[in-house]
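Take a moment to look over the model below. We will walk through it step by step.

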Amino acid sequence: MGIFENNLKVLAEIYPEIDRLIEDARKETEESKEKELEIYREMSMDGEPILKVKKQDKEYYLGGKRNAKEPVDLWMEKSIGELAANAPVFIMGVGNSLYLSELINKCDEKIAILIYEPSLQLFLDFIEHTDITKWLRKQTLIFWVKGIKRMEIEQMKPVADQLLTYGMLPYSRNFVLPNYEVLFPEDVLEFLRMCRKSAMGGVVLRNTQKIFSKVVVKNLFINAKYLCDAYKTTQLVQVIPRDIPGIVVAAGPSLNKNIKDLKAACGKALIIAVDTAIKPLLKEGIRPDMVMIIDAVKPLELFQIDGCKDIPFVCTMNASSEVMAYHEGKKFFFNEGYMFSEKILMKSKEDFGTIPSGGSVATNAFALLYKIGMTRIILVGQDLAYTNNRAYADGTFSEKMEEINTKGMYMVEGNYEDRVPTAIDLKQFLDWYNVTIPAMKERNPDFCVINATEGGAKITDTEVMTLKEAISRECQKEVNIKECLDQLKPMLDQEERQWAVGYLKELPDQCHELAVQANKIKKLYKKLDKVCKKKNIDKKEYLSVLRRIDKSIPKIERMSMYQLATMSLSDAEYVISREQFLHRSTLAEEGKEIARKGTLYMELVEQCSNIFQKYAEEVFKDVE
């Protein structure tokens, strides 16, 4: 077995199916008569293998012709420096494998390296001549190659977002291999933009969490009581026909064009509207079958219109508690990973499901329809752009939405225009669709998405047509969704409901227990501090205290109220998580820093628990 075959074998062990995708791309390349590059392998004067690339009659070396090793050493010293554990590195190019080799040899095995290669030819040459199997077994290596299916650069951003958390921003590195900026100037710009967007996305997410964390916890407590009489989204599978289309109605500005046409779909599809679209729809006499609400802060005025109160909600636990209290209809929940609510969801005999989130209420609605088995989905008002320089359809926040200055915004391909302006958050939602829909279609070839937005940004693998055309083709069968939903019973039977009520009434005691455990751990950290302040550290005692702390932490982490406390203490958690990557020069200094941060954090957890206890006592005292 040669180098290429060995590399594919190990790659496939880590990333299933990648060997097939690479082979398919290689076959297409071999069948193509046109080659973008001519690649020549040479040796530098200092004995290192280097590549010479010819493009449009110009030749470029991807490594120093005279001295190939020295620039790599300088790069490691000056550009990379000392890398913190878990810090991500983003590299463009595999044409000079010395850089990747040196990085892997000298960095911590916990460091993830994402490599983007804009040339399929160079990547294939790389894995044909470079044994990467040892690297793959030591390091987290993610290869992203233009020309391989589902590996366009815009599809790489979700992966980069997972690696580049806010706490890791100061420690991450990105690097473009020499001469790539000359060979692939547009790709280099896209790569650097992607890195920047990912970093900005981390900042935006961080700031959003900081702003909403306290509101979210408040909403979680208040909304928990609705679980006693609620439904699960998985129950929809039992009653919603799969031979009708699902329609997601968002409130993009293009909704102005075709909102009246939507009447023809009523009673012939499952229509789910996002929260901002409910007013314009009801004003047109169109009653959606369901409404999706996920935001912790949402103006109640969006829902204060006749006919809204009893429309079934698909909602998150952290949805606006004010809106949830106003609503009187069926409430459908799904599992979001909150430990305390999971216990109630799991008590039900019904399976509990999750909904993959693209970050917006519309992407959640789309994912819900897919999860319950809808094979035809029509998107309406899903502009993902500032069509006609407007953010929303008329009638959402005001009768006539004002124009917005879109100068300086991102420009993306449009459905009906060459380019349309969009913002960073909308671009993230667009990227999610562009990655998710092709993956869904690959799993189910019969899956069809129609973009009937009649404006806005183009979404990959969707059929673009007018809403009239989509309804005429897809809405052929009569259906009464209300009658379908009325067949369902709440997820908890009477006995399970009584258990849930008792469980909610016990939450104040759980908050108190969290405070007690946090206090115990705080005392251990203080003891560690005393040990480290001694002139001669007793290493045996030092390790003994650390072991006791390590044993106590998992216990507190299993407590459902601790999860909520960490959400409220996002600032403190960020400081502590960031500083864990910094190293102290002596054991005493290291121990004192551990003790200082641990004591501070556990004091905050204790205070938070006491606040939760009082709040839970107030919220759950009248639950029956």
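This is a predicted model: local features need pLDDT of at least 70, side-chain atom pairs count only at pLDDT 80 or more; totals for chains, interfaces and linings use all residues.

Residues are numbered from 1 along each chain as its sequence is written, and side-chain values use heavy atoms, with hydrogens and water left out.

Start with two helices. Helices (H or I, at least four residues) and strands (E, at least two) are DSSP runs, numbered from the N terminus. Helix H2 spans residues 18–31, and helix H5 spans residues 120–129. They pack at an angle of about 115°, and their axes lie 11 Å apart. Here axes are lines fitted to C-alpha atoms, for helices over the stretch in contact, and angles run from 0 to 180 degrees between N-to-C directions.

Which residues in H2 meet H5? They are Ile-22, Ala-25, Arg-26 and Thr-29. On the H5 side are Leu-120, Phe-123, Leu-124, Ile-127 and Glu-128. Contact means heavy atoms within 4.5 Å. The residues of this contact divide into six nonpolar, one polar and two charged. Ala, Val, Leu, Ile, Met, Phe, Trp, Tyr, Cys and Pro count as nonpolar, Asp, Glu, Lys and Arg as charged, and the others, Gly among them, as polar.

Now turn to charged pairs. The structure holds 32 salt bridges. Each is a side-chain nitrogen of Lys or Arg within 4 Å of a carboxyl oxygen of Asp or Glu.

One of them joins Glu-442 and Lys-149, with the closest N and O atoms 3.6 Å apart. Glu-442 sits in helix H16 (residues 424–443), and Lys-149 in the loop between strand S6 (140–145) and helix H7 (157–163), so the pair ties together parts that are 293 residues apart in sequence. Are these residues buried or exposed? Glu-442 is partly exposed, at 34% relative accessibility. Lys-149 is exposed, at 54%. Buried means under 20% relative accessible area, exposed over 50%, and partly exposed in between (1.4 Å probe, protein chains only).

A second bridge joins Glu-328 and Lys-309, at 3.5 Å from N to O. This pair links distant parts of the chain, 19 residues apart. Glu-328 is exposed, with a relative accessible area of 59%. Lys-309 is partly exposed, at 33%.

Lys-458 lies in the loop between strand S17 (448–451) and strand S18 (463–464), and Glu-413 in strand S15 (residues 410–413). Some bridges share partners: Glu-17, Arg-20, Asp-24, Lys-149 and Glu-442 join into one network.
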